[in-house]
Amino acid sequence: MKLPFLFSALPLIGLLYGCGEKQPDLSNSITHQLGEIIFDYPGNWKVAEDSITATIHNLIIETPGDTIVIIQSYPLEMGIDLKALSREFSESAAHSIPLGSINKSVFSKRPKQWGYDWIAEDFESVFLGEAIPHQRIYGSKEVGDRQIFLILQVPVEDYQKVEKGFHLIANSLSGDSKKNKDL
């Protein structure tokens with residue numbers, strides 16, 4: 001089954017070929033609500049895209065540097081599994097890059113943490129002959145009647161700078177049954 005991925009190639013291109021990263025501003029975190037899904041993110045990061053179709057909610061958070069966090073929400077009955085999502089997302093992202101290429105993609109399972117199952121993908125982004133090591137971290141957990149997927153994409157050299165911001169999002173993401181059920 002081909003999964004419908006909703007994301008713009010522009011932030012992805014900037015991420016793959018951009019430069020540098022700043023520490024996340026955790027002292028001024030912002031709360032965002034996706035229907036019944038609520039999470040916090042660093043104050044110096046921004047929600048760049050927030051789109052809803054009949055069944056899928058897709059949100060992209062950008063940092064001041066080259067990192068993006070994608071949150072995708074699907075109905076549980078779609079039965080999407082993390083391994084399939086990670087592989088299809090990787091393939092879709094590689095085909096969405098008009099310049100350069102993605103090489104040496106290697107997937108590995110990570111231990112369950114914060115209620116999420118995790119898979120990491122290490123790969124190289126090659127542009128004008130220069131290979132830049134990157135990582136995508138895919139997480140999945142059920143929140144209410146939704147399957148939530150978190151995707152962090154970051155140049156390897158910047159991972160430690162953004163890790164606490166990503167943890168803030170992952171740890172704060174929850175459902176509120178009193179809120180709007182129309183996700």
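Author: Buried means under 20% relative accessible area, exposed over 50%, partly exposed in between (1.4 Å probe, protein chains only). This is a predicted model: local features need pLDDT of at least 70, side-chain atom pairs count only at pLDDT 80 or more, and totals for chains, interfaces and linings use all residues. Residues are numbered from 1 along each chain as its sequence is written, and side-chain values use heavy atoms, with hydrogens and water left out.

Reader: Why is Glu124 called partly exposed?

Author: Its relative accessible area is 22%. That value falls between the 20% and 50% limits, so the label is partly exposed.

Reader: And what makes Lys104 exposed?

Author: Lys104 has 62% relative accessibility. The cut-off is over 50%, so Lys104 counts as exposed.

Reader: Why is the contact of Glu124 with Lys104 called a salt bridge?

Author: The N to O distance is 4.0 Å. A salt bridge needs a side-chain nitrogen of Lys or Arg within 4 Å of a carboxyl oxygen of Asp or Glu, so the pair qualifies. Glu124 lies in strand β7 (residues 116-127) and Lys104 in strand β6 (residues 101-113), so the bridge ties together parts 20 residues apart in sequence. Strands (E, at least two residues) and helices (H or I, at least four) are DSSP runs, numbered from the N terminus.

Reader: How many salt bridges does the structure hold?

Author: Four. One of them joins Lys46 and Glu62, with the closest N and O atoms 3.9 Å apart. Lys46 sits in strand β3 (residues 46-52) and Glu62 in strand β4 (residues 57-62), so parts 16 residues apart in sequence are tied together. Another joins Glu121 and Arg136 at 2.8 Å. Here the link runs from strand β7 to strand β8 (residues 130-143), 15 residues apart. Both Glu121 and Arg136 are buried.

Reader: What span does helix α2 (residues 82-96) reach, against the expected one?

Author: α2 has 15 residues and reaches 21 Å from first C-alpha to last. The expected span is 1.5 Å times one less than the number of residues. That gives 21 Å, and the span is close to it. Buried residues of α2 include Leu82, Leu85 and Phe89.
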